[in-house]
Amino acid sequence: MDELQISTDKIAQQIDESNYISRDLSWLKFNYRVLEQAKHTDRSIFDRLKFLSITASNLDEFCTIRLGSLYNYLDYNKERFDYNGLREEPFRKLLLAETKKFFIDQNDYFVNSLKPMFPENGFVISKYSELSVENTQKVNEYFNNIIFPMLTPMVFDNYHAFPTLMNNRLLFGVVTKNAADVQNQQRVSFIQVPQNLPRFYELTQEEKILFVPIEEIIRNNIHNLFRNVEITGTNLFRINRNGDFTLEESEDIESNFLEDLKRKLKTRRTGRVVRMDVEENPDPWMMRLLKIQWDLDEHNIFYVPKESMLEFNGLMQIIGHKEFKSKRFQPPAPIKPLNFPEQGSRDLFEVLKERDILLHHPYNSMEPVLELLEKAADDPYVLSIKITIYRVAKESRVTSALLRAAENGKHVSVLFEVKARFDEENNLREAQRLQKAGCFVIYGVSSLKTHTKLLLIVRKEEDDKVYRYVHLSSGNYNESTSRLYVDIGLLTTKEVYANDVSEFFNVITGHSQPSTYRNLITSPRDMRIQLCNLVKREAENARNGIPAGIVIKLNSFQDKELIDELYLASQAGVTIKLIVRGMCCLRPGRKGLSENIEVISIVGEFLEHSRIYYFHNAGDPKVYIGSADAMVRSFDRRIESLFLLDDEFLKKQAINNLRYNLKDNVNSYIMKEDGSYVNKELNGEAPFNIHKEFSQVTREVVMGAKLF
């Protein structure tokens, strides 16, 4: 015990002494902030369950990718040092211990705080044993007619190989004995719960909706699958497999590259198991077998209380139920962009010849972008459309417009990033549809992931004058997520942007290396060095007594080189404010290192997704917007872009955007030196919730915006 305590203390000291916060531990802190949203008593039970469901989805992705990445080092005996200096095995134990703590907190809150509220809100998650005789009969008929024919027990014994069990699926491990077997050997059979059936069977009783979990129905009818044998254990469990893989470019893009991608997608189904959730008190014999089979230990096993449930993602069926629509959060109607009050009444092609438009979603609708694309698809004067796509909606108006444009004889070039994590299959399907329609489709660029969001429309007018309509954005061309994600984008016809974007498309679709861009900073070529140079300039100004300041808003902050430059700028006296929604490896407020750096995180009703980089520049601010977070992957392994705002009013809009973020005291968390977060206090001020205030912004407010 003493040795364990010494080891634990040493690890804690090593973490505390590091100038950097662990990426993975910081990410877990982010998921706690999401869980906090489920604890807001001013939200309906359905919105609180939504946030709980999001934490479960986040945790699955974390284990699949981040924990999976760690196992890539462990399983192949490769060295890996975390940002806090810990080696692979100590970090594995620490990471799983912290993940398990979160898992326990998550389940405790569901069981003790949320579940008791169900009856008063018109529903319950009902156990099979609690059903009336009539409802039990209905449930059994549903099992016999629908579920039973779909189930396939897969036995594992001396004659049958261990089956491939699917990732993120509810699974039963059924332990049986056969009295006729002279050796009285135990066997285990695995049953995968069908994922194409609803998570709950719905019944109505006394004005309440009963949601009966599908696993409850199967568990209580499982004897129908095992005739003339004794069932000694029925164990419900679920697994996360390693889904982190590196896609290398093939020389033959048309065939090998796409086939390679398809093969690697399948490895997500067969990758090594990194986490197993199982109902408490599982059969010890089965658990021993699975630990050996999957090379697991107790660190990887997460026990789910009987009163809780496996897979909170399934709650979306309850949250989205039509009976509860009026009780869920309804986003306010979007307002018209400040620089486009005529939205809906004037031709957008003509307006963009006069002025640029800055869109701030979801407060502004994505409609102008969709309108531009759909008009371009049918407009006889439009010659070509070029676009980069990272994620699209399932029934996408974007891809529909591109298909129509191709059918109308326009040149359509689409760089479709088929490596967008967890959207690969949808993107691959959509890309192939476009290619069949005659679009020029590029399936990513070499081993890089194309994350930039750009659109270029070339239109030749009646007088033979050519206009290039450009859209640059931080967000995806996805009309569904644009109603929930906070993003920022620019619509323009200015030649300075059009030339940069045209050059950039030539780089990513052909073989070109432009010497310079006017308003773009791109990666992997020079984004890190240009951002570091902008930071250095602020530090130099501060050393010379010139006012200096930096405000950056992004999703994640991890790149050590940029962090180190910010540390040096802080030591030079530059005031630095960071708004980082997710994980942040920079350690703020450390004496002698980062005393002038503050970090806040905003987590609330909308998902903060915009990236804005502000540099005071001796009173003539430089403001960049775009797709890139300050991540190693963004600077080295992705095609990203940041664009400089040159219109004074639009620049003011972006500055006001940052000012409002810093002013928020409802959704904001302050990061402490040790990497923990605390709620921002009101300190006698009126509540300021940016997710409401941005719907009421006026030109006058924007014109008065200042940061320093």
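Reader: How many salt bridges does a search of the whole structure find?

Author: The model is a predicted one, and a search of the whole structure finds 55 salt bridges in it.

Reader: What makes Arg 43 and Glu 605 a salt bridge?

Author: The closest N and O atoms of Arg 43 and Glu 605 are 3.0 Å apart, and a salt bridge asks for a side-chain nitrogen of Lys or Arg within 4 Å of a carboxyl oxygen of Asp or Glu, so the pair counts as one.

Reader: Why can the pair of Arg 43 and Glu 605 be said to tie together parts that are apart in sequence?

Author: Arg 43 lies in the loop between helix 2 (23–37) and helix 3 (45–75), while Glu 605 lies in the loop between strand 21 (597–602) and strand 22 (607–608), so the pair ties together parts that are 562 residues apart in sequence.

Reader: How do you know whether Arg 43 is buried or exposed, and what is the answer for Glu 605?

Author: The word buried is used under 20% relative accessible area; Arg 43 has 12% relative accessibility and therefore counts as buried, and Glu 605, at 16%, counts as buried as well.

Reader: Why are Lys 138 and Glu 134 described as about one turn of the helix apart, and what is the N to O distance in their salt bridge?

Author: Lys 138 and Glu 134 both lie in helix 5 (residues 133–147), where they are four residues apart, about one turn of the helix. Their side chains meet in a salt bridge at 3.9 Å, N to O, and because the cut-off is 4 Å, that value falls within it.

Reader: Why is Lys 138 called partly exposed, and what is Glu 134 called?

Author: Exposed means over 50% relative accessible area and buried means under 20%, with partly exposed in between, so Lys 138, at 36%, counts as partly exposed, whereas Glu 134, with 54%, is exposed.

Reader: What can be said of helix 18, and why is its reach called close to the expected one?

Author: Helix 18 (residues 648–663) has 16 residues and reaches 22 Å from its first C-alpha to its last, which is set against the 22 Å expected at 1.5 Å a residue. Buried residues of helix 18 include Phe 649, Leu 650, Ile 655, Leu 658 and Tyr 660.

Reader: Which salt bridge joins Glu 648 and Lys 651, and is Lys 651 buried or exposed?

Author: The side chains of Glu 648 and Lys 651 meet at 3.5 Å, N to O, and because the two are three residues apart in helix 18, they are separated by about one helical turn. Lys 651 has a relative accessible area of 7% and is therefore buried. Elsewhere, salt bridges that share partners join Glu 350, Lys 353, Asp 379, Arg 459 and Glu 461 into one network.

Reader: How do you know how many disulfides there are?

Author: A search of the whole structure finds zero disulfides. Cys 584 is in none, since the nearest cysteine sulfur, that of Cys 585, is 6.8 Å away, and a disulfide needs two cysteine sulfur atoms within 2.5 Å. Cys 584 is buried, with a relative accessible area of 0%, and Cys 439, at 6%, counts as buried too.

Reader: Which residues have the most contacts inside the largest nonpolar core?

Author: That core has 117 residues, and those with the most contacts inside it are Leu 49, Phe 123, Leu 315, Phe 557 and Leu 578. Helix 3 gives the most to this core, with 13 residues. Apart from it lies another core, of 49 residues, among them Ala 498, Val 501, Tyr 614 and Val 697.

Technical notes. Residues are numbered from 1 along each chain as its sequence is written. This is a predicted model: local features need pLDDT of at least 70, side-chain atom pairs count only at pLDDT 80 or more; totals for chains, interfaces and linings use all residues. Side-chain values use heavy atoms; hydrogens and water are left out. Buried means under 20% relative accessible area, exposed over 50%, partly exposed in between (1.4 Å probe, protein chains only). The expected span of a helix is 1.5 Å times one less than its number of residues. A nonpolar core is a set of buried Ala, Val, Leu, Ile, Met, Phe, Trp, Tyr and Cys residues joined through side-chain atoms within 4.5 Å.
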